Amino acid sequence: MERIDGYDLKILAELQSDGRLTNNELSELIALSPSQCSRRRARLETEGFIHGYRAVLDRGRLGLDLMVVIAVTLATHNRDNAKRFAALIADLPEVLECYALTGEMDYHLKVVTPDLAGLSRFVNDVLLPHDSVQHVKTSIVLQTLKDFQGLPVRPSHAYRAT
């Protein structure tokens with residue numbers, strides 16, 4: 001297992017902020033040579049610290065004005081039902097994130113739709129009719145106080161290569 005050092009953490013932090021940085025730009029930001037940055041970036045990618053790069057899109061400009069958190073309770077609690085629900089969620093582009101939980105609800109979904117009519121269709125025509133689902137509870141997001149800005153990459157955390 002290879003440990004990552006302070007330079008690796010700086011690379012990860014800078015790439016989280018701007019995944020389009022060239023190795024030359026990255027080298028200026030963290031005070032390493034471009035070739036060192038390139039080797040380290042490649043190693044971080046190979047070891048799975050970096051899973052990919054993507055653009056952050058403006059959902060409002062794309063007409064996805066409504067964000068909703070949906071709590072889902074499964075009809076039965078067994079492996080097959082959980083697999084059916086996971087298969088359903090995997091094919092729904094409206095679902096941005098889905099978390100299996102402990103506690104009262106089984107899953108929380110972060111969902112975007114164009115409007116209330118879209119939400120109604122999603123809940124009534126997709127989620128509720130599915131045989132794995134017993135109950136859903138929707139909460140419309142009124143305001144986003146903090147959106148995902150990247151993971152907290154700091155030297156004090158323990159990191160491991162896989």
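Modeller: Strand β1 (residues 66-74) and β4 pair in the antiparallel sense over seven bridges. This is a predicted model, in which local features need pLDDT of at least 70 and side-chain atom pairs count only at pLDDT 80 or more, while totals for chains, interfaces and linings use all residues. Residues are numbered from 1 along each chain as its sequence is written, and side-chain values use heavy atoms, with hydrogens and water left out.

Colleague: What makes β1 and β4 a pair?

Modeller: Two strands pair if DSSP finds at least two bridges between them, and β1 and β4 have seven bridges, so the term applies. Val68, for instance, has Ile140 in β4 as its bridge partner. The strands themselves are DSSP runs (E, at least two residues), as helices are runs of H or I with at least four residues, both numbered from the N terminus.

Colleague: Why are β2 and β4 called edge strands?

Modeller: The open sheet has four strands in the order β2-β3-β1-β4, with antiparallel pairing. Both β2 (95-100) and β4 (133-140) pair on one side only. Neighbouring strands are turned by 20 degrees against each other on average, direction ignored. Helix α5 (residues 116-127) packs on this sheet and touches β1, β2, β3 (107-113) and β4, its direction making about 20 degrees with that of β1; contact here means heavy atoms within 4.5 Å.

Colleague: Why is α1 called roughly perpendicular to α3?

Modeller: The axes of α1 (residues 6-17) and α3 (residues 34-46) come within 10 Å and cross at roughly 80 degrees. Axes are lines fitted to C-alpha atoms, for helices over the stretch in contact, and angles run from 0 to 180 degrees between N-to-C directions. Angles of 65 to 115 degrees count as roughly perpendicular, and therefore α1 is roughly perpendicular to α3. Among the contact residues are Tyr7, Ile11 and Leu15 of α1, and Cys37, Arg41 and Leu44 of α3.

Note on methods: Angles under 35 degrees count as roughly parallel, over 145 as roughly antiparallel, 65 to 115 as roughly perpendicular and the rest as oblique.
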